[in-house]
Amino acid sequence: GVRFTRVSPAGEEGFPGRLQVSVEYELGAAGALRCSFRAETDAPTIVNLAQHAYFNLSGTAMPVLDHEVTIAASRYTPVDQNLIPTGTLAAVEGTPFDFRTPRRIGDRIDDDHPQLRFGRGYDHNWVLDRNRSAPDDRSLAYAATVRHAQSGRRLDVFTTEPGLQFYSGNFLDGTL
């Protein structure tokens, strides 16, 4: 594995307190990749650490529309036209946001739904249902599965957090 650290001195960007953060990436049994964050501060301050990895399980640069996704969530967080959450929670049932059973990303991404128009696809937070734990760590709850049938690759996501942001690459144009 590897650990990255950073110290933000007190007052940096207007935030109080010295903030020390670290992220660890660890490759475990059966190819499991674990990503763990830690933050410590000496004064009350705001911190919101996130993991922004993009996975294309096909092994090509092709769009991910043929990837099959399952998300353990019966609600999601609608956004406004600037992709800022509105503060409400909406049911996924009967919408293109229902991934409670496996669905290809491309199946409904072009549906005429205002939320899909705002994000030019999926770029939303799902409010996770906490139904099952990770097999090796009961503190982690199941969040999602992404599968690519042709390659046989599969990604299972477990988290301690209450939500999962799913982004389908709508604003990526292939440039580095």
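Select N170 first, in the segment that follows β12 (163–167); helices (H or I, at least four residues) and strands (E, at least two) are DSSP runs, numbered from the N terminus. The model is a predicted one, in which local features need pLDDT of at least 70 and side-chain atom pairs count only at pLDDT 80 or more, while totals for chains, interfaces and linings use all residues. Residues are numbered from 1 along each chain as its sequence is written, and side-chain values use heavy atoms, with hydrogens and water left out.

**Around N170**

N170 counts as buried because its relative accessibility is 16% (buried means under 20% relative accessible area, exposed over 50%, partly exposed in between; 1.4 Å probe, protein chains only). Display next the residues that N170 touches: I109, G119, R120, G121, Y122 and D123, leaving aside residues up to four places away in sequence. Contact here means heavy atoms within 4.5 Å.

Two backbone oxygens deserve a label. That of G119 lies 2.8 Å from a polar atom of the N170 side chain, and that of Y122 is reached by the side chain of N170 at 3.0 Å. A polar contact is a pair of N or O atoms within 3.5 Å; within protein, one must be able to donate a hydrogen and the other to accept it, and residues adjacent in sequence count only if both atoms are side-chain atoms.

Rings of Phe, Tyr and Trp (its six-membered ring) pair if their centres lie within 6.5 Å; planes under 30 degrees apart count as stacked, over 60 as edge-to-face and the rest as tilted. F97 lies in the loop between β6 (90–91) and β7 (103–104) and Y122 in the loop between α1 (114–119) and β8 (123–128), so the pair ties together parts 25 residues apart in sequence. F97 is buried, at a relative accessible area of 0%; Y122 is buried, also at 0%.

Now extend the selection to Y76, F97, F99, Y122, W126 and F166, which ring pairs link into a cluster.

**The three-stranded sheet**

Finally, select the open sheet with the order β1-β2-β3 and antiparallel pairing; two strands pair if DSSP finds at least two bridges between them. β1 (2–8) and β3 (33–41) stand at the edges with a single partner strand each, so one side of each lacks a neighbour in the sheet. β2 (residues 19–27) pairs with β3 over nine bridges, and Y25 stands opposite C35 in β3.
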